[in-house]
Amino acid sequence: MKFPRHALAAAVLASAALPALSQAPLKAEVIHWWTSGGESAAAKTLAEAYKAQGGLWVDTAVALGEQARSVAINRIAGGNPPTAAQFNTTQQFRDIVDQGLLNNVDAVAQRDGWDKFLPETVLQAIKVNGHYYAAPVNIHNMTWFWFSKAAFKKAGIAEEPKTFDELFAALDKLKAAGLVPLAHGGQPWQDGIVFTATLAHFGGRELYLKVFKDRDPKAIMGEDFKKVLLAYKRLQSYTDKGSPGRNWNDATAMLISGRGGVQIMGDWAKGEFAQAKQEAGKDYGCAPGFGPKAPYIIQGDVMVFPKTSKPDQIKAQQLLASVITQPATQVAFSMKKGSIPIRTDVDVSKMDLCAQMGVAAMKDKSRQLGNGEIYITPDQNGALQDVLTSYWNRNIAVEKVQKDIVSALRN
Amino acid sequence: MKRRSLAAWGALLPLAVIVLIGYVGTVLWTVRTSLSTSRTFPKDDFVGLQQFERLLDNERWQLAIHNLAVYGVLYIVAAMLLGFLLAVFIDQKVRGEGVLRTAFLYPYAMSFVATGLVWQWVLNPDSGLQNAMQQLGWKDFSFDWIVDQDMVIYTVVIAGTWQGAGLVMALMLAGLRGIDEEIWKAARLDGIPTWRVYLSIVLPMLGPTLATVFTLLAVGVVKVFDTVVAMTQGGPGTASDVPAKFIMDHLFGRANLALASAGAVMLLLTVLALVAPLAYARSRQKAQGGH
Amino acid sequence: MSKRKSTSLWARVGIYAFLLFAAAFFLLPLYVMLTTSFKSMDEIRLGQIFALPSAPSLDAWRAAWSEACTGVSCEGVRGGFWNSVAIAVPSVVLPILLGAINGYALSWWKPKGGQWLFGLLMMGAFIPIQVMIYPLVKLEAAIGIYSSLPGIVVVHLVFAMPIMTLLFRNYYASLPSELFKAARVDGGGFWRIFVQLVLPMSTPMLIVAAIMQITGVWNDYILGLTFAGREHQPMTVQLNNVINTTTGERLYNLNMAATILTSAVPLLVYLISGRWFVRGIAAGAVK
């Protein structure tokens, strides 16, 4: 079949014009540390939402938060920055802001009204000098209490503890039944989580803020804080001999198999239970604290946007910031990640029991409390962790620990 | 003489450039940073020896240095001894030499991130050897060093030796196989027992090989990081911390470039203090006679 | 041709006993890794690390190679394989070559100031590499090779120089000096002696150097992550993404399988290199 030559030429010209008419997708290279199966599924929800609105997600995953952040920093320093990089809602990226190496997303924040639906603590972390330097992705609570229903049944505990004293009682009963009362992984960050939980739920909101936000030496050297430290050390007596060095998943595995009774760990533990096909409320219990007014400790992930003046990159950054904070994306992401959305004006009916508990707690502004790292620098947090993990593992006089904490949180 | 040096220096030029810019330059930069208050990025201020004071006051750093000394001595001795014995025994015309050699070398090939975790499992009283032995009937068997504050560093020695002895063996084997046949023939004629030959004749001849092995192991000791992180995370608590991990933690996790640099400088100075006298003695020895 | 006294029966037994004992110690972790890789996660959770798998399966292996999640994409560790090769070849050949030349120059020609150069180099070997990363990033960015294949090769070269030079320098120093004198009498210049005399004699050390450098480069993670650029990330980056996670679930069977897969290349090198651990190379040259 022969086509007339000019028709052919016209067809060629027309097809050449087509790409110019269709929009080139906004490429965004994103550095993050979501590498496990569940995290990958969560990251995919972001990538797909971004794609659906005209973007192209170029994935650069680097395992382990510290590693990923240092890659991002090195790339920024070397003049080859990604479009966006994952950080936490902490002071980690404060130095980068101070060096003027981040773009702000004020335009998106104003337009989408971030001030209206973001929790105070999150705003505190992402707003520096009145500018918005990060897009919040999710909210995690690092200090949930997890209970193994099988273990509790075996120890004859009828109800899950509703106060800290009841927690100690339950732990005693578990010990008597020959089970591991507190399934714990002895790694510094996990020891830190147990401390945060003790300070918040045993010491109370006011003391917590005095220690972390104000870093008040009088409060730290005081009687109330001493009692918190002693309660913290008491919890250590409920762990088993093999706990030092254990990965947190292996501790959760103890709850799953019914060998361990309680674990204090972040809401990502749900992923392990789900992997073993266990259900919240049926096989395991969860509590973000004790009582209806218990503090809900929040931290989470954010995306920062390295400085660039290329117009496409800026457009990509703003699109990404906007997509991430939209309600639909928020729910989809958090459902896969085990976290809760950054906004409470979303439909959470499809999320699991524990997540719904979390969102309900979040709605009460008076319960919101930031995780330590929101208030103190990474260096102070690290020094604090050194003191805590030493105290957890050794017999040190509690007065000395108080002094060490004062000097760790100084400067 | 001049022509001799010229050709040699010509060939050494790339190395000289690398040493000057890559190493000397970096050390100078690190020293400069250790005298500032740099956090995530280098800062231009000058605070004198403040970081070093903070370092010396730091309990964790003191423990790390102590651990390094213990680990260093034990690891070097164990790896050299085991590697030497393995090399000597394999050199005795054993069957299946190839298989055996690979069995001893494979630890070196594997990423310690996973093998370290395996060692953690094996040494953990709950899941590892202690548990297995007790299940087999030895109720009193106890091997819980890894969760013991004072003994944990020895577990790192065990895992480190496991990883490094194979390479020592390979180096020693290469050295052994470079020794002239005539030596063996002469020794046999003289009726000297084999073990004596090894001790009094072969070992001295392996001098340069031993020096290489020792230096390699020493470098490995000073930089030991992966082993500790994978096996014990520096724990329990901070009981098995080592300087390299301290430096890393402050460099990345705690965004404290200045303190990390101070740690690196102190580490380097410590090594210099130990090595310089040795090197000086060796160079005097060489100047007086010998190669 | 028997070269030494034939060892008595008891000595033979002792030798084999020692070697087998040692082999058991060395192979124990491999045993645990293999059995774990063939078990299911439910079985692993029970915590019996020495037990044989009750229903061995290759699922973890298949997943490790092509299905494990390393980020948004879930394609296992195979993606980085060719990148690792592309990085490894120049990063092994160049340092070994340079190391041999340097070792030869330093030990046989002994140029003035050579001791100082070597001393500085060895000092440099003791610096933790992480401390050197930031200055190197800035340096490479200034030259324009940051985040590229040449970028990572240069970095590997820099970090390999101390060990490679040390290996060859000490090895050549142990060879009889009559060889050098004889070669110069014969009228040999710097390069001629190197290529025609020294290089052929270096086989055992070339093998050892190759073993060390291939292992170091192939298993390197942090340098490839920082300097190679997104397009050339080595296999170890995927491996680390599979194994390590802060708050995600850990699939131990997958991790073990992935580790063994990734270390297959260095292991293969060890197996093949056996042929050259032959006696008498240097001795033959003396004659």
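**Close-up 1. Arg60(B) is buried, with a relative accessible area of 6%, in this predicted model.** Its partner in a salt bridge is Asp241(B), and the closest N and O atoms of the two side chains are 2.5 Å apart. The pair links distant parts of the chain, since Arg60(B) belongs to helix α3 (residues 59-90) of chain B whereas Asp241(B) sits in the loop between α11 (226-231) and α12 (243-253) of chain B, 181 residues apart. Asp241(B) likewise counts as buried, at 1% relative accessibility.

**Close-up 2. A salt bridge pairs the side chains of Asp144(B) and Lys241(A), at 2.1 Å from N to O.** Asp144(B) lies in the loop between α6 (129-136) and α7 (152-176) of chain B, and Lys241(A) in the loop between α13 (223-236) and α14 (248-256) of chain A, so this contact joins two chains. With a relative accessibility of 14%, Asp144(B) counts as buried, whereas Lys241(A), at 53%, counts as exposed.

**Close-up 3. Glu97(B) and Arg101(B) meet through their side chains in a salt bridge of 2.8 Å, N to O.** Both residues lie in helix α4 (residues 97-109) of chain B, where they are four residues apart, about one turn of the helix. Glu97(B) and Arg101(B) are both buried.

**Close-up 4. Salt bridges that share partners form one network, which includes Arg60(B) and Asp241(B).**

Terms used
Residues are numbered from 1 along each chain as its sequence is written. Chains are lettered from A and ligands numbered from 1 in the order in which they are written. This is a predicted model: local features need pLDDT of at least 70, side-chain atom pairs count only at pLDDT 80 or more; totals for chains, interfaces and linings use all residues. Side-chain values use heavy atoms; hydrogens and water are left out. A salt bridge is a side-chain nitrogen of Lys or Arg within 4 Å of a carboxyl oxygen of Asp or Glu. Buried means under 20% relative accessible area, exposed over 50%, partly exposed in between (1.4 Å probe, protein chains only).
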